[in-house]
Amino acid sequence: MKHWGRWLWNEDQKYLVKSMHEAYERIKEDLGKDAIIISSRKVRAEGLKGLLGVKMIEVTAALEKDSGIDVYDDLKKINGLKQELTDMKFMLKKLLNSSVPNPEPINKWKKVLEDLEFNSMVIEELIQGITETFGEDFPHNENIIQEALIARLARIFEEADEKPKGKGKIFAFVGPTGVGKTTTLAKLAAHYIFEQNKKVGLVTIDTYRIGAVEQLKIYGDILGIDVDVVYTADQLKQVMEKHRDKDVVLIDTAGRSPFNSMRLSELRAFLETIDNLETYLVLSCTTKSRDLDRIIAEYQILNYTQLIFTKVDETHYLGPIANTVHKVKKPVAYITNGQSVPDDIEAAEPYKLAKMILKSGVADGSGF
Ligand SMILES: Nc1nc2c(ncn2[C@@H]2O[C@H](COP(=O)(O)OP(=O)(O)OP(=O)(O)O)[C@@H](O)[C@H]2O)c(=O)[nH]1
Ligand SMILES: [Mg+2]
(Lines give C-alpha, C1' and ligand atoms only; values in the text may rest on other atoms or scores of the structure.)
(Ligands and ions follow the chains in the order given, each with its own letter.)
Protein backbone atom coordinates (compact mmCIF):
# COMPACT_ATOMS: atom_id res chain seq x y z
CA MET A 1 0.00 0.00 0.00
CA LYS A 2 1.07 3.51 -0.70
CA HIS A 3 -0.05 6.63 0.97
CA TRP A 4 0.34 10.26 0.43
CA GLY A 5 -0.99 12.66 3.03
CA ARG A 6 -4.32 11.25 4.08
CA TRP A 7 -4.71 9.31 0.84
CA LEU A 8 -4.12 5.62 0.54
CA TRP A 9 -3.91 3.52 -2.61
CA ASN A 10 -2.95 0.14 -3.89
CA GLU A 11 -0.34 0.34 -6.65
CA ASP A 12 -1.35 -2.93 -8.14
CA GLN A 13 -4.95 -1.98 -8.46
CA LYS A 14 -5.13 -0.03 -11.68
CA TYR A 15 -8.04 0.62 -13.99
CA LEU A 16 -7.54 0.21 -17.70
CA VAL A 17 -10.29 2.18 -19.40
CA LYS A 18 -11.17 3.73 -22.73
CA SER A 19 -12.28 7.06 -21.33
CA MET A 20 -12.09 9.03 -18.11
CA HIS A 21 -15.83 8.73 -17.87
CA GLU A 22 -15.57 4.97 -17.76
CA ALA A 23 -12.84 5.34 -15.09
CA TYR A 24 -15.10 7.44 -12.85
CA GLU A 25 -17.92 4.97 -13.20
CA ARG A 26 -15.84 1.93 -12.31
CA ILE A 27 -14.00 3.61 -9.44
CA LYS A 28 -17.25 4.84 -7.99
CA GLU A 29 -18.62 1.32 -8.16
CA ASP A 30 -15.54 -0.24 -6.53
CA LEU A 31 -14.43 2.33 -4.01
CA GLY A 32 -17.43 4.53 -3.53
CA LYS A 33 -18.09 8.17 -4.40
CA ASP A 34 -15.40 9.55 -2.04
CA ALA A 35 -12.55 8.00 -4.01
CA ILE A 36 -10.32 10.30 -6.04
CA ILE A 37 -8.20 9.73 -9.10
CA ILE A 38 -4.55 10.38 -8.27
CA SER A 39 -2.96 9.52 -11.59
CA SER A 40 -3.77 8.63 -15.14
CA ARG A 41 -1.65 7.89 -18.17
CA LYS A 42 -2.16 6.90 -21.76
CA VAL A 43 -1.13 3.37 -22.69
CA ARG A 44 -1.52 1.07 -25.65
CA ALA A 45 -3.24 -2.17 -24.95
CA GLU A 46 -1.49 -5.19 -26.48
CA GLY A 47 -2.87 -5.90 -29.89
CA LEU A 48 -3.44 -9.19 -31.69
CA LYS A 49 -0.53 -10.86 -33.50
CA GLY A 50 1.94 -8.08 -32.64
CA LEU A 51 -0.20 -5.30 -34.14
CA LEU A 52 -0.49 -2.19 -32.06
CA GLY A 53 -3.44 -2.29 -29.77
CA VAL A 54 -6.00 0.43 -29.16
CA LYS A 55 -5.20 3.47 -27.03
CA MET A 56 -6.30 3.14 -23.39
CA ILE A 57 -5.99 5.10 -20.15
CA GLU A 58 -4.51 3.57 -17.01
CA VAL A 59 -6.01 5.12 -13.88
CA THR A 60 -5.04 4.83 -10.22
CA ALA A 61 -7.54 5.75 -7.52
CA ALA A 62 -7.11 6.47 -3.82
CA LEU A 63 -9.24 6.64 -0.72
CA GLU A 64 -9.01 8.58 2.46
CA LYS A 65 -7.24 6.59 5.17
CA ASP A 66 -10.16 6.49 7.56
CA SER A 67 -12.90 6.21 5.05
CA GLY A 68 -14.04 2.92 6.67
CA ILE A 69 -14.68 1.44 3.30
CA ASP A 70 -13.66 -2.16 2.92
CA VAL A 71 -11.85 -1.96 -0.34
CA TYR A 72 -8.42 -3.44 -0.24
CA ASP A 73 -9.34 -7.07 -0.45
CA ASP A 74 -5.91 -8.17 -1.56
CA LEU A 75 -4.35 -6.50 1.41
CA LYS A 76 -6.85 -8.19 3.70
CA LYS A 77 -6.09 -11.55 2.16
CA ILE A 78 -2.36 -11.09 2.63
CA ASN A 79 -2.86 -10.08 6.23
CA GLY A 80 -5.08 -13.13 6.75
CA LEU A 81 -2.43 -15.44 5.32
CA LYS A 82 0.19 -13.83 7.50
CA GLN A 83 -1.93 -14.51 10.55
CA GLU A 84 -2.50 -18.13 9.51
CA LEU A 85 1.24 -18.61 9.06
CA THR A 86 1.90 -17.18 12.49
CA ASP A 87 -0.69 -19.56 13.96
CA MET A 88 0.85 -22.54 12.17
CA LYS A 89 4.33 -21.60 13.34
CA PHE A 90 3.05 -21.43 16.88
CA MET A 91 1.34 -24.83 16.62
CA LEU A 92 4.41 -26.42 15.08
CA LYS A 93 6.60 -25.06 17.84
CA LYS A 94 4.17 -26.38 20.41
CA LEU A 95 4.18 -29.82 18.77
CA LEU A 96 7.96 -29.98 18.65
CA ASN A 97 8.32 -28.93 22.25
CA SER A 98 5.59 -31.24 23.47
CA SER A 99 6.71 -33.80 26.06
CA VAL A 100 4.60 -36.52 24.42
CA PRO A 101 6.83 -38.27 21.88
CA ASN A 102 5.54 -38.54 18.36
CA PRO A 103 3.21 -41.58 18.50
CA GLU A 104 3.99 -42.63 14.95
CA PRO A 105 7.32 -44.44 15.57
CA ILE A 106 5.96 -45.86 18.82
CA ASN A 107 3.01 -47.40 17.02
CA LYS A 108 5.33 -48.76 14.37
CA TRP A 109 7.56 -50.44 16.94
CA LYS A 110 4.57 -51.77 18.86
CA LYS A 111 3.47 -53.44 15.65
CA VAL A 112 6.95 -54.91 15.10
CA LEU A 113 6.93 -56.33 18.63
CA GLU A 114 3.42 -57.72 18.19
CA ASP A 115 4.53 -59.44 14.99
CA LEU A 116 7.36 -61.09 16.92
CA GLU A 117 4.68 -62.37 19.32
CA PHE A 118 5.72 -60.49 22.38
CA ASN A 119 2.82 -60.29 24.82
CA SER A 120 1.24 -56.98 25.75
CA MET A 121 2.96 -56.77 29.14
CA VAL A 122 6.43 -57.12 27.67
CA ILE A 123 5.58 -54.73 24.82
CA GLU A 124 4.45 -52.12 27.33
CA GLU A 125 7.64 -52.50 29.32
CA LEU A 126 9.84 -52.20 26.24
CA ILE A 127 7.97 -49.20 24.82
CA GLN A 128 7.99 -47.47 28.18
CA GLY A 129 11.71 -48.15 28.36
CA ILE A 130 12.46 -46.47 25.06
CA THR A 131 10.15 -43.50 25.64
CA GLU A 132 12.02 -42.95 28.91
CA THR A 133 15.31 -43.18 27.06
CA PHE A 134 14.46 -40.72 24.32
CA GLY A 135 11.82 -38.44 25.84
CA GLU A 136 11.19 -35.54 23.48
CA ASP A 137 14.03 -36.35 21.13
CA PHE A 138 12.69 -39.49 19.53
CA PRO A 139 15.35 -40.36 16.97
CA HIS A 140 14.64 -40.81 13.29
CA ASN A 141 17.40 -43.36 12.97
CA GLU A 142 15.74 -46.76 13.40
CA ASN A 143 19.00 -48.44 14.37
CA ILE A 144 19.21 -46.27 17.45
CA ILE A 145 15.68 -47.22 18.50
CA GLN A 146 16.43 -50.88 17.82
CA GLU A 147 19.56 -50.72 20.00
CA ALA A 148 17.56 -49.16 22.82
CA LEU A 149 14.96 -51.93 22.55
CA ILE A 150 17.66 -54.59 22.65
CA ALA A 151 19.21 -53.03 25.75
CA ARG A 152 15.83 -52.84 27.47
CA LEU A 153 14.98 -56.45 26.59
CA ALA A 154 18.38 -57.62 27.83
CA ARG A 155 17.46 -56.14 31.19
CA ILE A 156 14.50 -58.51 31.45
CA PHE A 157 16.92 -61.42 31.01
CA GLU A 158 19.48 -59.96 33.40
CA GLU A 159 16.86 -59.47 36.08
CA ALA A 160 15.93 -63.17 35.81
CA ASP A 161 19.57 -64.21 35.91
CA GLU A 162 19.79 -65.54 39.44
CA LYS A 163 22.64 -67.66 40.64
CA PRO A 164 22.09 -71.37 39.99
CA LYS A 165 20.90 -73.12 43.13
CA GLY A 166 22.81 -76.37 42.72
CA LYS A 167 26.54 -76.85 42.62
CA GLY A 168 26.54 -76.97 38.85
CA LYS A 169 27.25 -80.66 38.76
CA ILE A 170 24.04 -82.63 38.35
CA PHE A 171 21.55 -81.57 35.69
CA ALA A 172 18.16 -83.04 34.84
CA PHE A 173 16.40 -82.24 31.55
CA VAL A 174 12.62 -82.09 31.83
CA GLY A 175 9.94 -80.87 29.46
CA PRO A 176 7.17 -81.79 27.06
CA THR A 177 7.56 -84.56 24.47
CA GLY A 178 9.79 -84.05 21.47
CA VAL A 179 11.17 -80.63 22.38
CA GLY A 180 14.80 -81.79 22.12
CA LYS A 181 15.75 -82.87 25.64
CA THR A 182 17.88 -85.86 24.62
CA THR A 183 19.51 -84.03 21.71
CA THR A 184 20.39 -81.02 23.89
CA LEU A 185 21.77 -83.28 26.61
CA ALA A 186 24.01 -84.99 24.04
CA LYS A 187 25.23 -81.60 22.73
CA LEU A 188 26.20 -80.51 26.24
CA ALA A 189 27.80 -83.85 27.09
CA ALA A 190 30.00 -83.54 24.01
CA HIS A 191 31.07 -80.01 25.01
CA TYR A 192 31.94 -81.09 28.55
CA ILE A 193 33.93 -84.06 27.29
CA PHE A 194 35.68 -82.70 24.22
CA GLU A 195 36.11 -79.02 25.09
CA GLN A 196 36.41 -79.03 28.86
CA ASN A 197 37.91 -82.46 29.36
CA LYS A 198 35.40 -83.26 32.06
CA LYS A 199 34.33 -86.66 33.33
CA VAL A 200 30.67 -87.00 32.46
CA GLY A 201 27.99 -89.45 33.66
CA LEU A 202 24.89 -90.08 31.53
CA VAL A 203 21.73 -91.35 33.17
CA THR A 204 18.27 -91.87 31.74
CA ILE A 205 15.05 -92.43 33.56
CA ASP A 206 13.20 -92.42 30.26
CA THR A 207 12.21 -96.06 30.03
CA TYR A 208 8.77 -95.05 28.96
CA ARG A 209 9.14 -94.54 25.25
CA ILE A 210 10.29 -97.33 22.98
CA GLY A 211 13.70 -96.41 21.56
CA ALA A 212 14.43 -93.70 24.10
CA VAL A 213 17.19 -95.65 25.85
CA GLU A 214 18.76 -96.67 22.51
CA GLN A 215 18.77 -93.06 21.38
CA LEU A 216 20.85 -92.00 24.37
CA LYS A 217 23.06 -95.07 24.17
CA ILE A 218 24.04 -94.19 20.62
CA TYR A 219 25.22 -90.80 21.86
CA GLY A 220 27.00 -92.57 24.77
CA ASP A 221 28.86 -94.76 22.26
CA ILE A 222 29.93 -91.77 20.20
CA LEU A 223 31.14 -89.99 23.34
CA GLY A 224 32.79 -93.14 24.69
CA ILE A 225 30.81 -93.34 27.93
CA ASP A 226 28.20 -95.68 29.40
CA VAL A 227 24.60 -94.79 29.94
CA ASP A 228 22.86 -95.85 33.14
CA VAL A 229 19.25 -96.83 32.73
CA VAL A 230 17.18 -96.31 35.84
CA TYR A 231 13.71 -97.76 36.54
CA THR A 232 13.06 -96.75 40.14
CA ALA A 233 13.80 -93.85 42.48
CA ASP A 234 16.01 -96.15 44.60
CA GLN A 235 18.05 -97.17 41.60
CA LEU A 236 18.53 -93.51 40.76
CA LYS A 237 19.95 -92.88 44.24
CA GLN A 238 22.41 -95.71 43.82
CA VAL A 239 23.50 -94.60 40.37
CA MET A 240 24.12 -91.09 41.66
CA GLU A 241 26.36 -92.57 44.35
CA LYS A 242 28.28 -94.39 41.67
CA HIS A 243 28.79 -91.10 39.79
CA ARG A 244 30.25 -89.23 42.77
CA ASP A 245 33.60 -89.03 41.07
CA LYS A 246 32.17 -87.40 37.94
CA ASP A 247 32.51 -83.69 37.18
CA VAL A 248 29.11 -83.56 35.58
CA VAL A 249 26.09 -85.90 35.56
CA LEU A 250 23.34 -85.37 32.98
CA ILE A 251 19.94 -86.98 33.53
CA ASP A 252 17.51 -87.52 30.67
CA THR A 253 13.81 -87.87 31.40
CA ALA A 254 10.78 -88.91 29.39
CA GLY A 255 8.76 -86.20 27.74
CA ARG A 256 5.64 -85.67 29.78
CA SER A 257 2.49 -84.03 28.70
CA PRO A 258 2.08 -80.98 30.92
CA PHE A 259 -1.57 -81.94 31.27
CA ASN A 260 -0.71 -85.25 32.90
CA SER A 261 0.00 -84.22 36.45
CA MET A 262 0.15 -87.89 37.52
CA ARG A 263 3.24 -88.46 35.36
CA LEU A 264 4.78 -85.16 36.50
CA SER A 265 4.48 -86.16 40.15
CA GLU A 266 6.04 -89.56 39.36
CA LEU A 267 8.98 -87.73 37.84
CA ARG A 268 9.17 -85.48 40.85
CA ALA A 269 9.43 -88.54 43.12
CA PHE A 270 12.53 -89.60 41.14
CA LEU A 271 14.21 -86.20 41.07
CA GLU A 272 13.53 -85.46 44.73
CA THR A 273 16.05 -88.12 45.69
CA ILE A 274 18.93 -86.02 44.33
CA ASP A 275 20.60 -83.27 46.36
CA ASN A 276 21.85 -80.14 44.67
CA LEU A 277 20.02 -80.81 41.46
CA GLU A 278 19.79 -78.20 38.71
CA THR A 279 16.70 -78.84 36.63
CA TYR A 280 16.47 -77.45 33.11
CA LEU A 281 12.98 -76.99 31.74
CA VAL A 282 13.43 -77.57 28.01
CA LEU A 283 10.97 -75.65 25.84
CA SER A 284 10.62 -75.48 22.09
CA CYS A 285 10.29 -72.09 20.37
CA THR A 286 7.74 -73.67 18.03
CA THR A 287 5.25 -74.20 20.88
CA LYS A 288 2.26 -71.85 20.89
CA SER A 289 2.43 -69.05 23.46
CA ARG A 290 -0.66 -70.13 25.32
CA ASP A 291 0.65 -73.67 25.60
CA LEU A 292 3.99 -72.36 26.87
CA ASP A 293 2.07 -70.55 29.61
CA ARG A 294 0.41 -73.80 30.69
CA ILE A 295 3.68 -75.74 30.53
CA ILE A 296 5.65 -73.30 32.68
CA ALA A 297 2.89 -73.40 35.25
CA GLU A 298 2.37 -77.19 35.34
CA TYR A 299 6.10 -77.90 35.50
CA GLN A 300 6.53 -75.73 38.60
CA ILE A 301 5.98 -78.94 40.53
CA LEU A 302 9.47 -80.04 39.39
CA ASN A 303 11.15 -76.88 40.73
CA TYR A 304 12.99 -76.19 37.52
CA THR A 305 15.80 -73.71 38.00
CA GLN A 306 16.71 -72.67 34.44
CA LEU A 307 15.26 -72.71 30.95
CA ILE A 308 16.55 -74.03 27.66
CA PHE A 309 14.88 -72.93 24.42
CA THR A 310 15.25 -75.27 21.48
CA LYS A 311 14.47 -74.97 17.78
CA VAL A 312 15.09 -71.22 17.49
CA ASP A 313 15.98 -72.11 13.89
CA GLU A 314 12.42 -73.18 13.18
CA THR A 315 10.58 -69.92 13.77
CA HIS A 316 10.90 -66.19 13.10
CA TYR A 317 8.77 -65.21 16.08
CA LEU A 318 10.91 -65.47 19.18
CA GLY A 319 9.01 -63.02 21.41
CA PRO A 320 7.63 -65.92 23.51
CA ILE A 321 11.14 -66.54 24.94
CA ALA A 322 10.93 -63.10 26.54
CA ASN A 323 7.30 -63.57 27.58
CA THR A 324 8.23 -66.79 29.37
CA VAL A 325 11.23 -65.34 31.20
CA HIS A 326 9.20 -62.27 32.13
CA LYS A 327 6.63 -64.59 33.73
CA VAL A 328 8.73 -67.22 35.49
CA LYS A 329 11.75 -65.02 36.29
CA LYS A 330 14.15 -67.86 35.59
CA PRO A 331 17.29 -67.51 33.50
CA VAL A 332 17.75 -68.97 30.06
CA ALA A 333 20.85 -71.19 30.14
CA TYR A 334 21.05 -72.20 26.47
CA ILE A 335 19.35 -71.88 23.16
CA THR A 336 19.65 -74.55 20.49
CA ASN A 337 19.47 -73.79 16.82
CA GLY A 338 19.54 -77.02 14.84
CA GLN A 339 19.71 -80.79 14.88
CA SER A 340 23.50 -81.12 14.67
CA VAL A 341 25.16 -82.63 17.71
CA PRO A 342 27.24 -81.07 19.23
CA ASP A 343 27.40 -77.79 17.31
CA ASP A 344 23.89 -76.36 17.37
CA ILE A 345 23.83 -74.94 20.87
CA GLU A 346 24.79 -71.60 22.44
CA ALA A 347 25.02 -70.29 25.97
CA ALA A 348 22.31 -67.65 26.35
CA GLU A 349 23.90 -64.36 27.36
CA PRO A 350 21.24 -61.63 28.02
CA TYR A 351 22.35 -59.08 25.41
CA LYS A 352 22.97 -61.66 22.71
CA LEU A 353 19.63 -63.30 23.42
CA ALA A 354 17.81 -59.96 23.25
CA LYS A 355 19.45 -59.14 19.94
CA MET A 356 18.62 -62.52 18.47
CA ILE A 357 14.96 -62.22 19.49
CA LEU A 358 14.51 -58.68 18.18
CA LYS A 359 16.13 -59.57 14.89
CA SER A 360 14.24 -62.81 14.49
CA GLY A 361 11.63 -61.22 12.24
CA VAL A 362 14.19 -60.25 9.58
CA ALA A 363 13.68 -63.18 7.27
CA ASP A 364 9.97 -62.58 6.74
CA GLY A 365 10.37 -58.82 6.57
CA SER A 366 8.08 -58.14 9.51
CA GLY A 367 10.77 -56.90 11.81
CA PHE A 368 14.07 -55.11 11.68
N1 LIG B 1 15.41 -77.84 14.10
C2 LIG B 1 15.78 -78.29 15.29
N3 LIG B 1 15.47 -79.53 15.66
C4 LIG B 1 15.84 -79.95 16.88
C5 LIG B 1 16.53 -79.12 17.78
N6 LIG B 1 16.73 -79.81 18.92
C7 LIG B 1 16.20 -81.04 18.71
N8 LIG B 1 15.67 -81.15 17.49
C9 LIG B 1 15.00 -82.29 16.87
O10 LIG B 1 13.80 -82.54 17.56
C11 LIG B 1 13.49 -83.91 17.50
C12 LIG B 1 13.22 -84.44 18.91
O13 LIG B 1 14.42 -84.38 19.65
P14 LIG B 1 14.64 -85.23 20.96
O15 LIG B 1 15.96 -84.82 21.52
O16 LIG B 1 14.43 -86.67 20.71
O17 LIG B 1 13.46 -84.67 21.84
P18 LIG B 1 13.05 -85.17 23.32
O19 LIG B 1 12.58 -83.97 24.05
O20 LIG B 1 14.15 -85.94 23.92
O21 LIG B 1 11.81 -86.11 22.97
P22 LIG B 1 11.12 -87.18 23.97
O23 LIG B 1 12.22 -87.87 24.69
O24 LIG B 1 10.35 -88.06 23.07
O25 LIG B 1 10.25 -86.39 24.88
C26 LIG B 1 14.69 -84.57 16.83
O27 LIG B 1 14.40 -84.76 15.49
C28 LIG B 1 15.80 -83.54 17.00
O29 LIG B 1 16.77 -83.64 16.00
C30 LIG B 1 16.83 -77.77 17.36
O31 LIG B 1 17.41 -76.96 18.08
N32 LIG B 1 16.43 -77.42 16.11
MG1 LIG C 1 14.23 -87.83 24.75
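Modeller: Gladly! At 1.5 Å a residue, the 15 residues of helix 6 should span 21 Å, and its end C-alpha atoms are 21 Å apart, so the two agree. The expected span is 1.5 Å times one less than the number of residues, and helices are DSSP runs (H or I, at least four residues) numbered from the N terminus. This is a predicted model, where local features need pLDDT of at least 70 and side-chain atom pairs count only at pLDDT 80 or more, while totals for chains, interfaces and linings use all residues. Residues are numbered from 1 along each chain as its sequence is written, with chains lettered from A and ligands numbered from 1 in the order in which they are written.

Biologist: Which residues of helix 6 are called buried?

Modeller: Lys-181 to Ala-189 are listed as buried, because a buried residue has 20 or more other C-beta atoms within 10 Å of its own, with C-beta atoms placed from the backbone.

Biologist: Which helix gives the most to the shell around ligand 1?

Modeller: Helix 6 (residues 181–195), with 3 residues. Among the 21 residues around ligand 1, Gly-180, Lys-181, Thr-182, Thr-183 and Gly-255 come nearest; a residue is near if its C-beta atom, placed from the backbone, lies within 6 Å.

Biologist: How do helix 3 and helix 4 cross?

Modeller: Helix 3 passes helix 4 in a right-handed crossing, the term for a near helix turned clockwise from the far one by less than a right angle.

Conventions
Helices (H or I, at least four residues) and strands (E, at least two) are DSSP runs, numbered from the N terminus. A residue is buried if 20 or more other C-beta atoms lie within 10 Å of its own, exposed if 12 or fewer, and partly exposed in between; C-beta atoms are placed from the backbone.
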